Amino acid sequence: IAAFGGDADRVTIFGESAGGWSVCTQLLLKSSAGLFAAAYPSSGGCLFDYGFSRPLPLADAEARGVERTGCRSLDCLQQLPPTALFAATPLDIPLLTIDSVELVDTPEALIKDGNYHSAVRLLVGLNKDEHTIFSSPFVGLITNPDLAENAPPSPGEVSSPEELLTFIRQLVPKQHVHAVARHYSLGQFGGDTRLAAAKIAVDAALVCDIVASVALFDGVHVGDFYAYYFTHAPSIAFFDTGLDPETYAAVRPLGAYHGAELLSLFGAHSVYGEPDLADRRFSARFARAFAAFVCGEAPFAAYDGSKYHTFATDARAAATPTATLEQQCSVMRSVIADLAAGAVPAARESPPTPPATQSPPMAPWYEKIDEYRHDDDDDDDDDDD
């Protein structure tokens, strides 16, 4: 850093999505002490606990790998075909392992105890529509179900109410199926099963982990702490949406999508369109806040436990209440807690066989697909979307 004219005592580390996870990891690792003065995980949570995937002790993680692959060496793993590796890494693969050297406990325990780099300045960011890009059939999010037993498909492949209910059953325990289907009802997604599935998956694996991380940092973080909620919907996307630029700019179907803040932060243009005037003005405001944080200044008011700063197209937008985001995650956090405690997704449970003398039970509510159907009479032209 010094060789390039920088100040080695004022290093800021920044990452988005998986990069946000990497920044969180640096906050937890013992050997990272003193290497940076500020951290900005964007769209990446710091707990790494999604119920179906959570940090494991190194010995347990290694034993699971040996059990699933039959390999005890790197050479053996390198000889396996890709299909075998996919089959060995379903949803429960841990993103972190607790080696008792660099990572000495779960992230949750470390943060609760203040046993992390709590003196650095910290900025946490969350986007309003993190899920939307994962509703595309071209964006994979979850393990290929053809290669991993009982794994759900990617959200973009969930094309009917029946498939959505199956998707839910493959992710959550039986006692939560009803609550999850109600909480993520099709009506709020315009009947789009792909969007509903993406929201369920991304809340579980990303959004609710971020919200829980912010709640945990509050009260224990020593350095300056900031949290924001990003709601600006850019007029362009950074990938091919199948829409021409003019149509996308008019509709903005992805909203404040996963990665949208990168376009604003770096003022980037896209091969799929040019930012409009509102984008450019917002980008200047967002980039100024980031620069202030990097320079050791306050980008906006520090987090006080009650509200996130809102980065909206309108600079006068009100702050976002913490309670609003925590309510959004209330059902999913209950699911995650039960999965972490050993519950299994409903699809993995064997249905009980009723006694021969008993009448067959009535179909449970979640098999009554008609309750989840929506009126498609006016959508006949959307089959190819």
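Tyrosine 303 is buried, with a relative accessible area of 10%. Buried here means under 20% relative accessible area, with exposed over 50% and partly exposed in between (1.4 Å probe, protein chains only). This is a predicted model, in which local features need pLDDT of at least 70 and side-chain atom pairs count only at pLDDT 80 or more, while totals for chains, interfaces and linings use all residues. Residues are numbered from 1 along each chain as its sequence is written, and side-chain values use heavy atoms, leaving out hydrogens and water.

**The aromatic pair**

- Tyrosine 303 pairs with phenylalanine 225: their ring centres lie 5.5 Å apart and their planes meet at 65°, so the pair is edge-to-face.
- Rings of Phe, Tyr and Trp (its six-membered ring) pair if their centres lie within 6.5 Å; planes under 30 degrees apart count as stacked, over 60 as edge-to-face and the rest as tilted.
- Distant parts of the chain are linked by this pair, as the two residues are 78 residues apart.
- Phenylalanine 225 sits in strand β6 (residues 225–230), and tyrosine 303 in the loop between α11 (277–294) and β7 (307–311).
- Phenylalanine 225 also counts as buried, at 7% relative accessibility.

**Other aromatic rings**

- The protein has 22 aromatic pairs by this rule.
- Ring pairs also join a cluster that includes Phe14, Tyr40, Tyr226, Tyr228 and Phe230.
- Phe266, Phe282, Phe286 and Phe311 are among the other members of that cluster.

**Strand pairing**

- The protein has 13 helices and eight strands; helices (H or I, at least four residues) and strands (E, at least two) are DSSP runs, numbered from the N terminus.
- Two strands pair if DSSP finds at least two bridges between them.
- β6 and β7 run parallel, paired over three bridges.
- Across from tyrosine 229 stands threonine 310 in β7.
- β7 also pairs with strand β8 (residues 320–321), in the antiparallel sense and over two bridges.
- Tyrosine 308 has threonine 320, in β8, as its bridge partner.

**Core and whole chain**

- Of the 385 residues, 45% count as buried.
- The largest nonpolar core holds 91 residues, and Ile168 and Ile200 have the most contacts inside it.
- Such a core is a set of buried Ala, Val, Leu, Ile, Met, Phe, Trp, Tyr and Cys residues joined through side-chain atoms within 4.5 Å.
- Helix α8 (residues 193–217) gives the largest share of this core, 16 residues.
- Leaving aside residues up to four places away in sequence, isoleucine 168 touches Val177, Val180, Ala181 and Ile200; contact means heavy atoms within 4.5 Å.
- Among contacts with a separation of 6 or more, 73% are between residues 24 or more positions apart.
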